[in-house]
Amino acid sequence: MTQITPQSGIMEIELYQSGASKIEGVEQVVKLSSNENPFGASEAAIEAFRRASYDLHRYPSTDHAALRGAIGEVHGLDPERIICGVGSDEVIHFLCQCYAGAGDEVIHTEHGFSMYRISALAAGATPVEVPERERVVDVDAILAGCTARTRLVFIANPANPTGTMLSEAELTRLADGVPAHAILVIDSAYAEYAQDYDGGAALASARPNVVMTRTFSKLYGLGGLRVGWGYGPREIIDVLNRIRGPFNLSQPALVTAEAAVRDRAYAEKCRAENARLRGWLAKALDDVGVASDASSANFILARFRDAAQAEACNAHLNAQGLIVRATKGYKLPHCLRITIGDEASCRRVAHAVGQFMETQS
Ligand SMILES: *Cc1c(COP(=O)(O)O)cnc(C)c1O
């Protein structure tokens with residue numbers, strides 16, 4: 001028997017399941033399984049990336065000052081209170097590593113994003129799941145779940161995979177109720193797609209125990225580059241920076257993200273197109289008997305009669321070269337999460353779901 005064993009908690013981690021991108025035997029697939037921007041990154045971002053290729057021999061900036069400055073300008077935030085990570089996943093990881101260890105509890109919700117549990121376990125902490133109410137984060141259930149051992153509370157707003165979100169009043173009530181010894185993390189990966197929403201920035205500005213995380217992977221179309229950021233109290237950001245690798249982000253990633261966040265016209269175009277097609281697809285699905293909750297993100301969670309029907313529809317979509325996301329792992333076996341693609345993809349998926357529903361009685 002080997003005496004080499006991992007830290008406790010590590011073997012409880014189930015590997016993250018990413019959205020599929022291939023179907024056996026199908027050449028041309030439409031990938032609607034990872035909430036990617038169907039229009040790609042902005043031309044300005046791509047040009048910045050191309051230019052950066054001439055400086056690959058140089059080490060990157062360690063303090064990310066230029067990118068933090070650009071984010072601060074665009075969002076009206078203090079750059080000193082921003083930390084950049086290899087995706088917002090890394091910021092989530094930093095939070096767990098710095099604030100939760102053995103014996104500590106990390107709250108996530110019933111259908112919450114799987115990285116919260118993974119990062120909590122990686123830190124040796126105990127993930128605690130609290131119920132949602134009809135696929136919406138339940139503030140009362142979270143507050144009831146808080147104990148003297150709670151160190152972190154993670155919610156995504158808008159949430160993934162449900163697409164639902166809490167109102168500003170509910171979010172404030174949650175921030176008010178989370179104990180002072182715990183940090184509320186508002187994961188705003190999809191904030192840009194929601195209407196009149198600051199992503200929790202005002203709460204993170206005003207409270208000593210609220211942190212907001214954001215990403216370049218969704219609206220900005222840079223999922224392949226891996227850039228995210230967090231914003232919160234100066235003291236917390238200073239703590240996170242202690243465990244951040246000095247060169248965690250490559251220079252191409254830094255300059256490309258900076259160009260992306262400065263291209264407001266492109267961001268607005270992508271936001272508007274998503275809102276238009278999201279409304280169209282929700283209605284098209286509803287017309288064929290497939291319900292969904294109002295989504296504030298770049299995907300729709302389509303609900304079927306039961307798990308068997310969802311699975312059969314998924315198989316039908318696959319046969320048509322369409323890849324969506326099964327949500328069994330998120331305790332939603334009767335649902336499929338469909339990313340809002342371009343107009344042609346939305347039409348194709350609506351048509352295929354319609355075809356499938358005709359075979360159901
Ligand atoms: C996609 C997503 C993220 C972003 O992850 P990155 O590491 O920034 O790519 C974070 N939270 C949720 C809920 C997401 O769906």
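A nitrogen atom of the ligand lies 2.6 Å from an N or O atom in the side chain of Asp-187, a polar contact in the sense of a pair of N or O atoms within 3.5 Å. The model is predicted: local features need pLDDT of at least 70, side-chain atom pairs count only at pLDDT 80 or more, and totals for chains, interfaces and linings use all residues. Residues are numbered from 1 along each chain as its sequence is written, and side-chain values use heavy atoms, without hydrogens and water.

Lys-218 has a side-chain N or O atom 3.2 Å from an oxygen atom of the ligand. For Asp-89, a backbone N or O atom is 3.0 Å from a ligand oxygen atom. The protein buries 94% of the 380 Å² that the ligand exposes when taken alone (Shrake-Rupley method, 1.4 Å probe).

## The shell around the ligand

There are 13 residues around the ligand, and Asp-187, Tyr-190, Thr-215, Ser-217 and Lys-218 come nearest; a residue is near if one of its heavy atoms lies within 4 Å. Helix α3 (residues 87-99) gives the largest share of this shell, three residues; helices are DSSP runs (H or I) of at least four residues, and strands are runs (E) of at least two.

## An open sheet

Elsewhere in the description is a sheet. Four strands, in the order β9-β10-β13-β12, make up an open sheet with antiparallel pairing; strands pair if DSSP finds at least two bridges between them. Its edge strands, β9 (291-292) and β12 (325-326), each pair on one side only.

Strand β13 (residues 335-339) is joined to β12 by two bridges, and the two run antiparallel. Arg-337 in β13 stands opposite Arg-325.

How values were computed. Polar contact = N/O pair within 3.5 Å; in protein donor to acceptor, adjacent residues only side chain to side chain.
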